[in-house]
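Please open the model in your viewer and keep the selection panel at hand. The tour below moves from one selection to the next and says what is found at each stop.

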2 protein chains.
Amino acid sequence: MLIVDGSTTVTADALSRLTALLERDLLATNETIVARMDSPVALIPQLAAHLVASGGKRLRPLLTLATAKLCGYPGERHIKLAACVEFIHTATLLHDDVVDESQLRRGAASANAVFGNKPSVLVGDFLFARAFQLMVEDGDLEVLRILCAAAATIAEGEVLQLTTQNDMTTSEARYFEVIRGKTAALFAAACEVGGVIAGRPAADCAALARFGMDLGMAFQLVDDALDYAADQGELGKTVGDDFREGKLTYPVLLAIADATPDERAFWTRTIEQNDQHEPDLATALALIKTHNTIARTITRADEFIASASAALASFPESDMRTTLIDVARFTTARRF
Amino acid sequence: MLIVDGSTTVTADALSRLTALLERDLLATNETIVARMDSPVALIPQLAAHLVASGGKRLRPLLTLATAKLCGYPGERHIKLAACVEFIHTATLLHDDVVDESQLRRGAASANAVFGNKPSVLVGDFLFARAFQLMVEDGDLEVLRILCAAAATIAEGEVLQLTTQNDMTTSEARYFEVIRGKTAALFAAACEVGGVIAGRPAADCAALARFGMDLGMAFQLVDDALDYAADQGELGKTVGDDFREGKLTYPVLLAIADATPDERAFWTRTIEQNDQHEPDLATALALIKTHNTIARTITRADEFIASASAALASFPESDMRTTLIDVARFTTARRF
């Protein structure tokens with residue numbers, strides 16, 4: 001079980017409040033997503049719909065919608081750009097699940113498990129390309145620059161993660177580089193775009209990017225904690241996936257740093273040599289408990305959330321600002 | 001062996017002549033490719049270099065360089081955009097080889113065979129993103145529109161190909177739709193971009209796109225013929241790959257259309273039911289010979305080449321125009 005702070009009841013519904021505040025925009029974004037993932041090649045919308053319909057929270061597009069509103073943006077461009085952000089995210093998920101050989105995503109069979117790896121790779125490519133097409137339609141080179149850079153950084157983060165897999169010498173710095181790339185970069189871009197289309201000065205756009213980046217870091221830290229701590233039914237994916245894949249995530253990095261020689265031998269065998277047997281996940285969970293690394297991971301996430309909240313300090317108080325900060329706080333209280 | 005027309009000796013060196021005409025630009029493009037496929041994540045340039053160094057002819061970037069020159073373009077933008085075109089192509093190759101489980105590419109082990117599927121998928125994503133970044137640096141929304149649309153069309157063509165695999169009811173029209181997407185769309189975009197940056201009127205740009213599209217169709221038809229007709233050593237990949245994968249390419253479509261009941265039973269078993277044994281490739285090659293479908297495929301390619309050449313008729317005669325048309329003619333005479 002996750003250790004959550006006392007504000008859980010306050011913050012747990014923050015995402016619902018954000019969704020309610022942006023109801024009309026989110027509806028329009030969903031319509032754009034469905035309309036623009038269409039193709040004469042029937043398998044493309046079929047496969048895309050599997051993922052799009054499988055109950056994602058639309059957190060990243062919500063950030064674009066929210067930051068645009070926070071900046072008083074009066075137009076409609078944020079709708080299409082929020083759809084872009086979701087397409088980039090969906091493309092990444094499709095390729096991730098192929099790379100990780102995942103069988104579950106959001107509590108349902110993953111697209112690769114249902115349709116196979118091949119269409120997952122190719123439909124991911126289509127969604128990437130379609131995202132760029134939507135950006136080109138929007139026609140703002142600064143927005144294009146931000147989102148294309150994010151797409152390149154995501155791929156770099158994913159490749160870096162692959163090279164750290166099973167590598168016990170992975171440093172904390174390297175871990176943070178991985179999650180900045182694979183997760184936080186898109187959160188940052190999604191937020192920055194809201195400021196850019198509102199025509200805000202560079203300092204405000206940088207503050208929004210900072211908010212997104214820190215939120216993304218916290219989000220991934222919590223994700224990595226949940227992989228060892230969640231209730232499997234609530235998580236919607238398999239507990240222990242990261243362990244089985246030999247991923248050097250923060251809870252494990254901390255446990256390795258504090259390991260006794262015997263414990264170190266255990267991690268070397270299971271993570272570095274990838275020699276795992278039935279009771280090993282239980283042992284890993286016990287060691288993580290011994291060294292209290294889930295709570296320590298959440299504490300690290302809380303630091304990022306504090307930094308994220310501070311980044312919004314220069315924006316005038318508003319319902320949107322309060323809700324965005326609550327959403328950030330909810331990140332470290334979430335259980336799934 | 002391929003049936004080649006009498007002009008082989010004239011046209012066989014056309015690509016070398018084009019390369020010679022564009023030597024300085026091609027060198028600059030290669031430098032841009034190497035510089036911009038770099039990343040702090042070492043595996044990215046390592047894997048990309050494997051493919052980039054493996055002796056590709058750079059046909060697609062050459063088309064961008066050549067059409068820019070044909071249109072009298074005096075600047076340097078064509079260099080970076082030619083690199084974009086090659087990055088999109090390379091990304092597609094990486095994902096293709098994963099999807100097709102190919103072991104050979106250009107006579108050497110494919111990237112997925114050397115590095116594994118996971119990095120091939122992710123480095124492909126990086127190269128896609130990097131291509132879009134280069135386009136954004138160039139900053140021309142019309143160029144972005146053309147190349148992003150091509151990227152989406154390529155993915156659609158690849159997915160469509162997947163859905164026609166092992167499907168004996170695949171029509172000629174469907175086959176042409178597949179190769180237009182997976183191959184010809186990028187040839188068309190590569191050529192159109194040359195005219196766009198030279199500021200040519202829409203009719204000229206459309207003519208260049210037509211040239212590229214027809215050339216790409218011919219190129220893929222010949223590729224599909226070579227899969228059944230080439231000398232394996234010259235081909236640089238495995239003869240019979242398409243047969244083993246149950247791909248409904250033109251030589252097979254024609255053989256199926258003309259099949260006797262017994263022959264039809266053979267194709268149903270081997271292609272539709274994917275039940276193949278040792279002597280089946282030899283039987284397939286014999287049936288393809290009986291129905292003369294390699295020559296008929298090349299004839300179809302020649303029709304596309306005639307159309308491609310006609311598309312350049314409105315451009316004034318020049319060494320570049322002559323060479324481009326010769327390169328097109330070389331397409332149907334190539335053996336690898």
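Predicted model: local features only at pLDDT ≥ 70, side-chain atom pairs only at ≥ 80, totals over all residues.

Residues are numbered from 1 along each chain as its sequence is written, chains are lettered from A and ligands numbered from 1 in the order in which they are written, and side-chain values use heavy atoms, with hydrogens and water left out.

**Stop 1: the interface**

Select chain A and chain B together and look at where they touch: 35 residues from chain A and 35 residues from chain B take part in the contact, where contact means heavy atoms within 4.5 Å. The two chains bury about 3300 Å² between them, 81% of it on carbon and sulfur atoms; buried area is the accessible area (1.4 Å probe) that two parts lose on being put together, summed over both. Now pick out K118(A), L122(A) and E156(A), which supply 18% of the area that chain A buries against chain B, more than any other three residues.

Across this interface the rule finds zero salt bridges, a salt bridge being a side-chain nitrogen of Lys or Arg within 4 Å of a carboxyl oxygen of Asp or Glu. It does find four residue pairs in polar contact, both residues at pLDDT 80 or more; a polar contact is a pair of N or O atoms within 3.5 Å, where within protein one must be able to donate a hydrogen and the other to accept it, and residues adjacent in sequence count only if both atoms are side-chain atoms.

Colour α4 (43–52), α6 (77–100), α8 (117–138) and α9 (141–164) of chain A, each of which supplies at least two residues of the side that touches chain B. Helices (H or I, at least four residues) and strands (E, at least two) are DSSP runs, numbered from the N terminus. The largest share of that side, 14 residues, comes from α9(A).

**Stop 2: S39(B)**

Next select S39(B), in the loop between α3 (23–36) and α4 (43–52) of chain B. At 9% relative accessibility, S39(B) counts as buried, since buried means under 20% relative accessible area, exposed over 50% and partly exposed in between (1.4 Å probe, protein chains only).

**Stop 3: helix α6 and A83(A)**

In chain B, select α6 (77–100): 22 of its 24 residues are buried, so α6(B) is largely enclosed by the rest of the structure. In chain A, A83(A) lies in helix α6 and has 0% relative accessibility. Leaving out residues up to four places away in sequence, A83(A) touches T29(A), T32(A), I33(A) and L134(A).

**Stop 4: charged pairs**

Finally, show the salt bridge of R269(A) and D280(A), whose closest N and O atoms are 2.8 Å apart. R269(A) is in helix α15 (residues 261–272) and D280(A) in helix α16 (residues 280–290) of chain A; R269(A) is partly exposed at 25%, whereas D280(A) is buried at 5%. In the salt bridge of E245(A) and K247(A) (3.2 Å, N to O), both residues are buried.
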